[in-house]
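Good morning, and thank you for coming.

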Amino acid sequence: MGRTLVWLQGQSCGGNTISLLNARSPDFVGFLESEGIEVVYHPTLSTVWGEELEALLSGLAAGRPPLDLFLFEGAVPLGPRGTGRYSTLGRRPVLEVVRELAHAARYVVAVGNCAVHGGIPAIAPNPTDARGLQWTGEAPGGVLPPDFRSRGGLPVVNLTGCPAPPHLILWALALLNRDLLTPADLDRHGRITCFYGPEGGCAQEPESEHKHCLHCARMGWQPSGKPHWEEVRPPWRPVRFVWVP
Ligand code: SF4
């Protein structure tokens, strides 16, 4: 088995899944094949459900099989009264499952604004007490504490956007799959600096000179700066760490 990937959803419109499935050159399946990543579970793509799914998630939390890439979209509610039962997966609160898998995973990725900092579900008066994985609005601390670090030594890697653009999801997965990210590569919001930096980053400006992009160099994309994927020109504007007030 190659590197393992699990994707879960909380309070989500599913837009990040649609974004992921819109990836081209490569598409998601081609990307998985080229990177040697196995999807152990994705709520839209997998057929496992019910007690079988509960057993699968319990096994992953216990390291069977070892979980490498844990991606999450949507916010996670703490309510009612801290139980998390406003959002459940099988018979368990998503809150519990997220905390277990986050501690088991080599890397944790929050995909989209809701997962990053609560997004739309956390808008005041936030009736479900929705949180992001490691942020709530502008404040550090979500359902995971600010000092959380996954097995691979990183905080939650945050991919902002509503939804996060597909090429950023795949580029982040490629970097993590190859253990090419360090804590120094993330900004204070846990975002990959070259994706979201004030200079735009090469992921936003694929035809720039890439002089500042260490990640392209580590991926073997320098000096041309051209990834081996064709479709690198995003139709999206650069996204920032903002949310709907
Ligand atoms: S960040 Fe946007 S696209 Fe993603 S789950 Fe939230 S509302 Fe949907």
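In which loop is Asn126 found? Asn126 is found in the loop between H5 and E8; helices (H or I, at least four residues) and strands (E, at least two) are DSSP runs, numbered from the N terminus.

Two conventions apply. This is a predicted model, in which local features need pLDDT of at least 70 and side-chain atom pairs count only at pLDDT 80 or more, while totals for chains, interfaces and linings use all residues. Residues are numbered from 1 along each chain as its sequence is written.

I stay with the loop between H5 and strand E8 (130-131), where Pro125 is also found. The peptide bond from Ala124 to Pro125 is cis, with omega near 15 degrees. Asn126 has a positive phi, near 45 degrees. Asn126 counts as partly exposed because it has 17 C-beta neighbours inside 10 Å; buried requires 20 or more other C-beta atoms within 10 Å, exposed 12 or fewer, and partly exposed lies in between, with C-beta atoms placed from the backbone.

For context, most residues other than glycine have a negative phi, and most peptide bonds are trans.

The loop between strand E4 (76-77) and strand E5 (88-89) contains Pro80, which a cis peptide bond joins to Gly79, at an omega of about -5 degrees. Arg81 is found in that loop as well, and has a positive phi of about 55 degrees. Arg81 has 8 C-beta neighbours inside 10 Å and therefore counts as exposed.

Finally, the ligand. By class, its shell has 5 nonpolar, 7 polar and 1 charged residues; Ala, Val, Leu, Ile, Met, Phe, Trp, Tyr, Cys and Pro count as nonpolar, Asp, Glu, Lys and Arg as charged, and the others, Gly among them, as polar.
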